[in-house]
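Subject: structure handover

Hi,

Here is the structure I said I would pass on. Have a look at it first, and my notes follow below.

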Amino acid sequence: MPGFLILNGPNLNLLGTRQPEVYGRTTLADVEDMCRAHAKEIGVEVEFAQSNHEGALIDAIHGTRGRLDGLILNAGAYTHTSVALMDAISSAEIPAIELHLSNVHAREEFRHTSYIARVAVGVICGFGARGYTLAMDAMKSHLDSLS
Ligand code: CA2
C-alpha cells in the first residue's frame, strides 16, 4: 500500500479557531480524521503531522526518504519564503503536492510566490479542507501513472 505524509506548517494548528472567513471552521484534527477515513477508502496509508518550526518540517521531509511514496505539504507561510524546505523536498526524492486551503493567487501579491511549487508535481489551492482529500486522490493517481 502506498504511504503518504500529510505535513502542515506554521499556524495551521489554529485552523478552525480563527479567521474562519479565510480558512473555514474545520479544525486540523477534523482534517486528520477526514484524511484517515479517505485513506481507507482509496487504499493508502497516511502519516499526519504539523509543526510551527521550519527545521522540524525539514526533518519530517527528510524522514520520508526511502520510506514513504508521496508528500502532501501545506507549508503555510514558509511556502513563500523557504528555500530550505524546497531543498529538503528535492533531497527526499519523493513526489510532493503543494496544498493550500485558500486560493493564494486571489490574495496578497507575496502569496503568489512559491518555492515549493518549483519542486512539486502540482499545486492544489482554494478548496478549503476538501483540498486535502483532493490532494490524496491526485497523489494516488500520480503514483498509478508512474507504474
Ligand atoms: O491557505 C493556506 O492553506 C495557507 O497555506 C495558509 C497560511 C498562509 O500563510 C498561506 O499563504 C496560505 C497561513 C496559515 C494560518 O493558519 C491559520 C488558521 C486559522 C487561524 C489563523 C491562522
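Does Met 34 count as buried, exposed or partly exposed? Met 34 counts as partly exposed, at 29% relative accessibility (buried means under 20% relative accessible area, exposed over 50%, partly exposed in between, with a 1.4 Å probe and protein chains only).

Before the rest, a word on what you have. This is a predicted model, in which local features need pLDDT of at least 70 and side-chain atom pairs count only at pLDDT 80 or more, while totals for chains, interfaces and linings use all residues. Residues are numbered from 1 along each chain as its sequence is written, and side-chain values use heavy atoms, with hydrogens and water left out.

**The chain as a whole**

The protein chain has five helices and five strands (DSSP runs numbered from the N terminus, with helices being H or I of at least four residues and strands being E of at least two). Along the sequence they come in the order β-α-α-β-α-β-α-β-β-α.

On size, a compact globule of 147 residues would have a radius of gyration near 15 Å, and the 14 Å of the protein chain agrees with that (taken over C-alpha atoms, the rule being 2.2 Å times the number of residues to the power 0.38). Along the principal axes, the C-alpha atoms fill a box of roughly 40 × 30 × 25 Å. Of the 147 residues, 44% are buried. If you look at contacts (heavy atoms within 4.5 Å) with a separation of 6 or more, 77% of them are between residues 24 or more positions apart.

Leaving out residues up to four places away in sequence, Met 34 touches Thr 26, Ala 129, Arg 130 and Thr 133.

The axes of H2 (residues 28-42) and H5 (residues 130-146) come within 9 Å and cross at roughly 30° (axes are lines fitted to C-alpha atoms, for helices over the stretch in contact, and angles run from 0 to 180 degrees between N-to-C directions). The two helices are therefore roughly parallel (angles under 35 degrees; over 145 is roughly antiparallel, 65 to 115 roughly perpendicular and the rest oblique). On the H2 side the contact is made by Val 31, Met 34, Cys 35, His 38, Ala 39 and Ile 42, and on the H5 side by Arg 130, Tyr 132, Thr 133, Met 136, Asp 137 and Lys 140. Sorted by class, that gives seven nonpolar, two polar and three charged residues (Ala, Val, Leu, Ile, Met, Phe, Trp, Tyr, Cys and Pro are nonpolar, Asp, Glu, Lys and Arg charged, and the others, Gly among them, polar).

Lys 140 in helix H5 is partly exposed, at 24% relative accessibility. Apart from neighbours within four places in sequence, Lys 140 is in contact with Phe 4, Ile 42 and Val 44. Lys 140 and Gly 43 are 97 residues apart in sequence, yet 9.2 Å apart from C-alpha to C-alpha.

**H3 against H4**

Helix H3 (residues 54-62) packs with H4 at an angle of about 10°, their axes 9 Å apart. That makes H3 roughly parallel to H4. Glu 54, Leu 57, Ile 58, Ile 61 and His 62 of H3 meet Ala 84, Leu 85, Ala 88, Ile 89, Ser 91 and Ala 92 of H4. This contact has eight nonpolar, two polar and one charged residues.

Ala 49 is part of strand E2 (residues 45-50) and is partly exposed, with a relative accessible area of 28%. Beyond residues up to four places away in sequence, Ala 49 touches Leu 5, Ile 6, Leu 7 and Asn 8.

Which residues other than glycine have a positive phi? One of them is Asn 11, with phi near 75°, in the loop between strand E1 (3-8) and helix H1 (20-23). Asn 11 counts as exposed, at 52% relative accessibility. Another is Glu 93, with phi of about 55°, in the loop between helix H4 (83-92) and strand E4 (96-100). Glu 93 also counts as exposed, at 62%.

Cheers
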